[in-house]
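Here's a short walk through one protein model, taking in a couple of helices and a pocket. Keep the 3D view open as you read.

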Amino acid sequence: MRLISWNIDHPAESNDIEAVIRTLRSTKPDVVALQETTRTPSQDLIDGLIRLGLQSIHTFKPSRGWGLLVASKWPIEPLEGAVIRIPKDEKDYYRGRHPAEDGEPARLLSVLVNRPRGMFELHTVHVPPGSQSGWRKIDTIRAVAR
């Protein structure tokens, strides 16, 4: 099985989307997890993934910011209720408080992939850049690990 996870940096122009599809075609993926899609992925992106044989597609469309997408050649279904909470404050880790108590939810897309050799869960999350978001990147990574 070949799984590709890629932050595509929100391509909106058809030339940019075609470059993404060309790169994915060269890797021959079975499953693709894309971060930083536009909130509503373009039809060009969806059509390109389908041409690659990735017919099962689910997206996460946040109220703000960039979206997430999972595409698979096998059937996939969303996993409801999967939530990762990022602590409001870095000090919460050192006070022994669990981030799920009061933190903000991370942008997360969780699916169940129905692969012939057995089903598996796949989770993709948007991790903010550290250079622009201060401790949010580290907080997000720690919340995912936890």
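We'll start with the helices and then move to the pocket.

This is a predicted model, where local features need pLDDT of at least 70, side-chain atom pairs count only at pLDDT 80 or more, and totals for chains, interfaces and linings use all residues. Residues are numbered from 1 along each chain as its sequence is written, and side-chain values use heavy atoms, with hydrogens and water left out.

Take helix α2, residues 43-51 (helices are DSSP runs of H or I, at least four residues, strands are runs of E, at least two, and both are numbered from the N terminus). Its buried residues are L45, I46, G48 and L49 (buried is under 20% relative accessible area and exposed over 50%, with a 1.4 Å probe and protein chains only). These four sit on the same side of α2, because they cover an arc of only 165° around the axis (taken from the directions from the helix axis to the C-beta atoms). Over on the other side, Q43 and R51 are exposed. The cover over the buried residues of α2 includes α1 (14-27), β2 (31-37), β3 and β4 (67-72). Just past α2, G53 has a positive phi of about 90°.

Now helix α4, residues 136-145, where D139, T140 and A143 are the buried ones. They span an arc of only 100° around the axis, so they lie on the same side of α4. Among what covers them is β6 (85-86).

On to the second largest pocket, with a volume of about 230 Å³. A pocket here is an open set of points on a 1 Å grid over the protein atoms alone, where a 1.4 Å probe fits, with protein on both sides within 12 Å along at least five of seven lines; lining residues have an atom within 4 Å of a point. The volume is the space filled by probe spheres set on the points, which are joined across faces, edges and corners. The lining has 16 residues, with F60, L79, A82, L108 and L109 nearest the centre of the pocket. Strands β3 (56-60) and β8 (108-115) are the elements that each give two or more residues to this lining.

How values were computed
Contact means heavy atoms within 4.5 Å.
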